[in-house]
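Hi,

Here is the structure I promised to pass on to you. Have a look at it first, and then read on for my notes.

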Amino acid sequence: MPQSILVADDEVKIVTMISGYLEASGFQALKAFNGDDALRVFLEKAPDCLILDINMPGKDGLAVAREIRRRSDVPIIFLTAKAEEMDRVVGLELGADDYMVKPFSLRELVARVRAVLRRSEPRPAARIPTIRSGKVEMDLSRRSVTVDGDAKSLTTVQFDILSLLMKDPGRVWTRLEILEGASGAALDGYERTIDAHIKNIRKALGDDSEKPSYIETVRGVGYRFMEQPA
């Protein structure tokens with residue numbers, strides 16, 4: 001059965017165009033033309049990925065993402081205009097996995113859909129170990145995170161960033177290195193989006209940016225996962 005992708009945009013032409021290309025690429029396309037419809041279709045059909053326009057009238061894409069993140073970690077890709085940099089950052093802070101700036105290539109959009117879906121798939125346990133550092137434990141096969149035994153919820157991008165940092169405690173990573181190492185081509189190339197993801201990871205772990213226990217900001221460089229006591 002093909003994976004289903006929900007496309008939500010108030011421009012009928014854009015929804016039709018994206019949906020047609022997705023279906024030609026082997027996906028099932030679900031359509032919505034406003035935020036309320038997008039939430040209804042999400043609850044009824046449980047799509048595998050969402051493509052949301054930020055600037056829909058009424059309930060916009062940010063509001064839709066906020067509602068969905070209360071229920072699910074399903075991958076979300078935002079569609080934005082060039083002038084909406086702050087909205088893109090807010091969207092990432094809400095837990096979106098990626099964004100595309102209009103006008104965009106349909107071929108690239110489908111490639112990004114495949115990338116976020118691939119990263120969200122469970123991987124064979126035999127080849128992928130568990131990472132432990134202090135109270136934080138990551139099961140890479142189940143893509144689960146616990147802190148002192150309590151389960152924490154991370155999006156696929158946030159999980160990949162945390163696992164990258166935890167694999168080499170004490171190493172300082174630049175934003176570009178994190179972008180390339182954890183997300184590859186799936187995140188536009190806008191390095192400051194990493195700050196939004198780190199903020200969400202810290203929140204999930206219960207970490208304090210001013211007095212961190214896990215993720216430390218190295219000013220002028222990037223971030224590192226702090227070495228933990230044995």
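Asp148 sits in the loop between strand S8 (144-147) and strand S9 (150-152); helices (H or I, at least four residues) and strands (E, at least two) are DSSP runs, numbered from the N terminus. This is a predicted model, where local features need pLDDT of at least 70, side-chain atom pairs count only at pLDDT 80 or more, and totals for chains, interfaces and linings use all residues. Residues are numbered from 1 along each chain as its sequence is written, and side-chain values use heavy atoms, with hydrogens and water left out.

Back to Asp148: its phi is near 55°, a positive value in a residue other than glycine. Asp148 is exposed, with a relative accessible area of 56% (buried means under 20% relative accessible area, exposed over 50%, partly exposed in between, with a 1.4 Å probe and protein chains only). Its C-alpha lies 10.0 Å from that of Leu205, although 57 residues separate Asp148 and Leu205 in sequence.

Arg143 also has a positive phi, about 55°, and is not a glycine. You will find Arg143 in the loop between strand S7 (136-139) and S8. With a relative accessible area of 16%, Arg143 is buried.

Leu205 brings us to helix H8 (193-205). Of its 13 residues, 10 are buried, among them Ile194, His197, Ile201 and Leu205. The end C-alpha atoms of H8 are 19 Å apart, which agrees with the 18 Å that 13 residues should span at 1.5 Å a residue (the expected span is 1.5 Å times one less than the number of residues). Tyr214 counts as buried at 8% relative accessibility, and its C-alpha is 5.5 Å from that of Phe225, 11 residues away along the chain.

Now the largest pocket, which holds about 290 Å³ of space. On a 1 Å grid over the protein atoms alone, a pocket is an open set of points where a 1.4 Å probe fits, with protein on both sides within 12 Å along at least five of seven lines; lining residues have an atom within 4 Å of a point. The volume is the space filled by probe spheres set on the points, which are joined across faces, edges and corners. There are 14 lining residues, and Arg69, Glu93, Leu94, Asn200 and Lys203 are the closest to the centre. H8 gives the most to this lining, with three residues, and helix H3 (61-69) supplies at least two. By class, the lining has three nonpolar, five polar and six charged residues (Ala, Val, Leu, Ile, Met, Phe, Trp, Tyr, Cys and Pro count as nonpolar, Asp, Glu, Lys and Arg as charged, and the others, Gly among them, as polar).

In H3, the buried residues are Gly61, Leu62, Val64, Ala65, Ile68 and Arg69. They lie on the same side of H3, because they cover an arc of only 160° around the axis (taken from the directions from the helix axis to the C-beta atoms). Asp60 caps the N-terminal end of H3, with a side-chain oxygen 3.2 Å from the backbone nitrogen of Leu62.

One last item: the peptide bond from Lys102 to Pro103 is cis, with omega near -10°. Pro103 lies in the loop between strand S5 (98-101) and helix H5 (106-120).

Best wishes

Conventions:
A polar contact is a pair of N or O atoms within 3.5 Å; within protein, one must be able to donate a hydrogen and the other to accept it, and residues adjacent in sequence count only if both atoms are side-chain atoms.
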